[in-house]
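Here is a walk through one protein model, from the overall layout down to single residues. Keep the structure open beside the text and follow along.

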Amino acid sequence: MPHYPLPMPLEPCLRRSRKGLKLALLAPLLLVLTSCAKVSGLGYKEGLSSVNDTSLPLWQGAWITAGIVGVFTAGLILWAAIFHRKKNDEFPKQSQYHIPIEVAYTIIPFIIVAVLFAYTARDESRITNKSSVGVMHDITVNGIQWSWQFTYPEAGTGSNATITGTPQQRPILYIPQGERVRFTLTSSDVDHGFWIPAFMIQMQNLPGVTNHLEFTANKLGDYPGRCNILCGRDHSLMQFTARVVTPAQYQDYINSLKASQS
Ligand SMILES: [Cu+2]
C-alpha cells in the first residue's frame, strides 16, 4: 500500500499543536492544584454541625483526587488519540505483556483506594466516636413506615415526650444550638436511614438494633431531613425538618411537651 507522508507545512503546525495540547492538559490540573486552598464546599457548607468539620475536608479531598485522576486519564486518552493515530499500514508494536506497565496499573489504583479508605476510616471513627463527656441532651429517633418518631427523654416518660409524624404531617426535630446531642436510632419495622444532608450525617435505623450518633448543630435554622434507605411505598414522603433553636427555645419546647401531659 502506498505511504502518504504528511505535507511539509503541516509539520510546524503539528509541533505547535503539541505545545498547545500540553498546555491544555496541564491547565485544568494546575487549576485544581492551585485552587485547593479555597476549594468550595461542593454542595456543603462549613461549620453547620460538628460533623461538617470532619466530613467536609474528606468530601473535598475525594473530589480533588478524582479530578486529578480524571484529568490525567483524559490527557493520556487524548495524547494517544492525537499523537498515535494510524500513520501507515505498518502493524504497530505490540506491548500486551509489558510486565512493569501491568504491575503499575494494578498497584496505582490499589494505592488510590487504600488512601481513600484510610482517610474515610479515620474520619468515620471520629464521627461515630461517642464521648461520655459533653453530651447535654438525648433524643431518640425511631423510623416507622413512613415517618419519624422523636422522643425527648427530658420531657419525661409519658407519651407526650414523643412526637409522631405522618407522610402528610412532617414532624419537626428540635435541636439546641451549640449543645452536643446523643441520638439513639431505632426502627419499628424495616430498615430506615436518618439523614440530615446539610449536617453531612446519616446513620441507619435498624429493627432490633440500637445505633447511636452524637453531634452538635452550630447554626440556627431549618434543615430538611430525609430517610435514605428505600423502605417501601411512601419512602419518598419520609421527610422531617431539623430545627436548630437556641438552648432557651429548646428548653421552652421541652417544657411545652411536659405541659401537654394529659
Ligand atoms: Cu424509610
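Before we look at any sheet, a word on pairing: two strands pair if DSSP finds at least two bridges between them. Helices (H or I, at least four residues) and strands (E, at least two) are themselves DSSP runs, numbered from the N terminus. What you have on screen is a predicted model, so local features need pLDDT of at least 70 and side-chain atom pairs count only at pLDDT 80 or more, while totals for chains, interfaces and linings use all residues. Residues are numbered from 1 along each chain as its sequence is written.

How far can you trust it? The score to check is pLDDT, the predictor's confidence in each residue, from 0 to 100. The mean pLDDT of the protein chain is 86, and 84% of its residues reach 70 or more. Residues 1-14 are another story: pLDDT stays under 50 there, and the model has three contacts for them beyond four places in sequence. A contact here means two residues whose C-beta atoms, placed from the backbone, lie within 7 Å. Where pLDDT is low, the predicted coordinates should not be read in detail.

Now the overall layout. The protein chain has four helices and ten strands, and from the N terminus on they run α-α-α-β-β-β-β-β-β-β-β-β-β-α. Of contacts between residues at least 6 apart in sequence, 69% join residues at least 24 apart.

Go to helix α2, residues 50-83. Its expected span is 1.5 Å times one less than its number of residues. For 34 residues that gives 50 Å, and the end C-alpha atoms are 50 Å apart, which agrees. There is a bend of about 25 degrees at Leu 56, with a proline, Pro 57, following within four residues; the bend is the angle between axes fitted to the seven residues ending there and the seven starting there. Leu 56 is also one of the buried residues of α2, along with Val 51, Asn 52 and Ser 55. These buried residues pack against α3 (99-128), β7 (201-205) and β8 (211-215). As for α3, the number buried among its 30 residues is zero, so α3 lies largely in the open.

Next, the strands. Five of them form an open sheet with mixed pairing, in the order β3-β2-β1-β5-β8. Its edge strands, β3 (162-164) and β8, each pair on one side only. At one end, β2 (residues 147-151) and β3 pair in the antiparallel sense over three bridges, and Gln 149 stands opposite Thr 164 in β3.

Finally, find β10, residues 239-245. Which residues make up its covered face? They are Phe 240, Ala 242 and Val 244, while Gln 239, Thr 241, Arg 243 and Val 245 are on the uncovered one. Strand β4 (residues 172-176) runs parallel to β10, joined by five bridges, with Leu 173 opposite Ala 242. β9 pairs with β10 in the antiparallel sense over six bridges, and Gly 225 has Phe 240 as its bridge partner. Gly 221, in strand β9 (residues 221-227), counts as partly exposed because it has 13 C-beta neighbours inside 10 Å. Gly 221 and Arg 243 are 22 residues apart in sequence and 5.8 Å apart in space, C-alpha to C-alpha.

Technical notes. Buried ≥ 20, exposed ≤ 12 C-beta atoms within 10 Å, placed from the backbone.
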